[in-house]
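Student: I would like to learn how to read a few features of a protein model, going step by step. Could you take me through them?

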Amino acid sequence: MTAFSRRQRFGQRVINGIAGLGLFYIFLPILVIVLFSFNAPKGKFNIKWQGFTLDNWANPFAQEQLTSALWVSLRIALISTFCATILGSLIALALSRYKFKGSGGINLFLVLPLTSPEIVLGSSLATLFINRGVSFGYVTVIIAHIMFQISFVAVTVRARIRGFDWTLEQAAMDLGATPSRAFWKITFPLILPGILAAALLSFALSIDDFIITFFNAGSLVTFPLQIFGASRVAIPPQINVLATMLLIASVSLMVAGTVLGNRRQRKLAGN
Amino acid sequence: MNPTAGIARVAARPERVGLGVMFALAIGAVALGAKWVSGPASAVVAVFMLVAVIGLIWVALVGGLETRRTLAPYGLLKPGILWLSLFFLAPLWSMVVMSLSSKESRFDFFPSFSWEWDNYRIALTDFRPQFLRSFGYAGVATLLTILIGFPLAYVIAFRGGKYRNILLGLVVIPFFTSYLIRTLAWGNILADEGPVVSIIDNLGLTGVLESLNIMDNGKLLNTPAAVIGGLTYNFLPFMVLPIYVSLEKIDARLVDAAMDLYSSATAAFRKIVVPLALPGIFAGSLLVFIPAAGDFVNAQFLGNPQTTMIGNSIQDQFLRQLNYPVASAMSFVLMFIITIAVLIYTKFMGTEDLA
């Protein structure tokens, strides 16, 4: 019995070790990115470690093209996320709130964009724009981003509001609330966290999208496109600085979201 | 016939009205977007779509509260479904048409439809190595994500305790940095004068890894192994999360029960944990394999000209050679193979786990 449990404990330790290595593997490139943001490269490529400097952090926006590309990406992400969150949440609401004919087909239809390779989504949409004589730029990129975000928001919100107690709305209406008042006063505040979480994630998807944007941007340069173009000519350390900033921003948003969510839950439980 | 009676009869079946109008709008959107119709005919389609919407609103107004309730989901779905019809379905149709079109000359940028099956011959013969490489690399990367992702998900789900969410967050956080920068960082790590190569050199493992075809001439970067490694890294969370979700649902008492009934720990693991984790492994495999098969960033940054994948070829034919027909034929073949896999999957597993 003791031999058995010793072997078992050994097995557990091995699994823990593998998981630890897995986490290390996941973080390795991130460490490199942060580390190389303090590098003072001699040539145009920030590949070999040359020496520590704070210059890059002192002038994070020194690379004008890089900075303006970042602004382009942020602007696109804001607009597309706003639209996609509305359209996607409406779909999620329909799917989880109502039983209706054709919902199975809609479910499948929603999953298809998520399970299509990005290169197919990007190149086929570009074909449509070429056929239609639409010139590439802001509009086409925003259209493309909304397209892949809708499904994502719909599926995420649907997962988050699964198990929501729809009789709460009914109760409000029994107490004399109009349907719209019942929705805005009861349902909406309760499903809002799920919607916001989906919006945050799809914002991140939009900012980081490369392949679909690559096909539909024309001469517009987003942050990932700038990095791709620059990677052949020069890799300035500012790329690492901005990437680290983006990482810190998204992690703080995530942490803030979790903390707020927990506090809210405690409050609800307290009442 | 009395028109109001007709309306009343239609309005008595509001779900048919809702579904029918949604279908009509979706088909209309595809027809307009994919140029099934052009000129005056497109105006007719647009008017038809408008009439369908007006008819729907009328039925909702004429019908009672119950009718409106039945119609509500279709109303909520409509904007999103319209968008997807116009910018997801219609493009796929355009792609199919383009894949059967021919170019008058090299500089004909508006190829015309002509049942040009030759595009598919080119896609499947000239680009066969790229297709095989894509599916091969993506397959190996999927297996590797299972090998790395399962222990991670297992430890988080069963040993994580109250730190579960933090651990899960740690798994996801790195993927909030830019995809391209992450891949470039792997370039730094695997570079000839980088840390990994020097560690391998110092351990004297270069020969071993070369005989395993992982290293090439003492290089790690610009090899198939580097490309597969990049794919594995970039899509790992898509494996960890679904496996975690299915493991988290497992009732730990099932394992206790098996042990009480004199099952060994390994047998309990094999017969209880693994089967219950299978839905997550299947979903994860799909979610890793699909983007990996269509990727060209890893092959571009970490590979060499002999490791190009189908994504590189599609991108090159489409954006650089401006050879839309052949690029579309390649996209269609890729989409076709993957869609079949997805349909087989959803037939057995449904669509729930793919979120």
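Tutor: A nonpolar core is a set of buried Ala, Val, Leu, Ile, Met, Phe, Trp, Tyr and Cys residues joined through C-beta atoms within 7 Å, where buried means that 20 or more other C-beta atoms lie within 10 Å of a residue's own, exposed means 12 or fewer, partly exposed is in between, and C-beta atoms are placed from the backbone. This is a predicted model, in which local features need pLDDT of at least 70 and side-chain atom pairs count only at pLDDT 80 or more, whereas totals for chains, interfaces and linings use all residues. Residues are numbered from 1 along each chain as its sequence is written, and chains are lettered from A and ligands numbered from 1 in the order in which they are written.

Student: How many residues does the largest nonpolar core have?

Tutor: The largest nonpolar core has 171 residues, and among those with the most contacts inside it are A:I91, A:I150 and B:M330. Helix 4 of chain B, residues 65-99, gives the most to this core, with 17 residues; helices are DSSP runs of H or I with at least four residues, numbered from the N terminus.

Student: Which residues is A:I150 in contact with, leaving aside neighbours within four places in sequence?

Tutor: Two residues are in contact if their C-beta atoms, placed from the backbone, lie within 7 Å. For A:I150, these partners are A:A84, A:L87, A:G88, B:G80, B:W83 and B:L84.

Student: Is B:L190 buried or exposed?

Tutor: B:L190, which lies in helix 8 of chain B, counts as buried because it has 21 C-beta neighbours inside 10 Å. Beyond four places in sequence, B:L190 is in contact with B:V196, B:L220, B:L221 and B:A226.

Key. Helix = DSSP H or I, 4+ residues; strand = E, 2+ residues; numbered from the N terminus.
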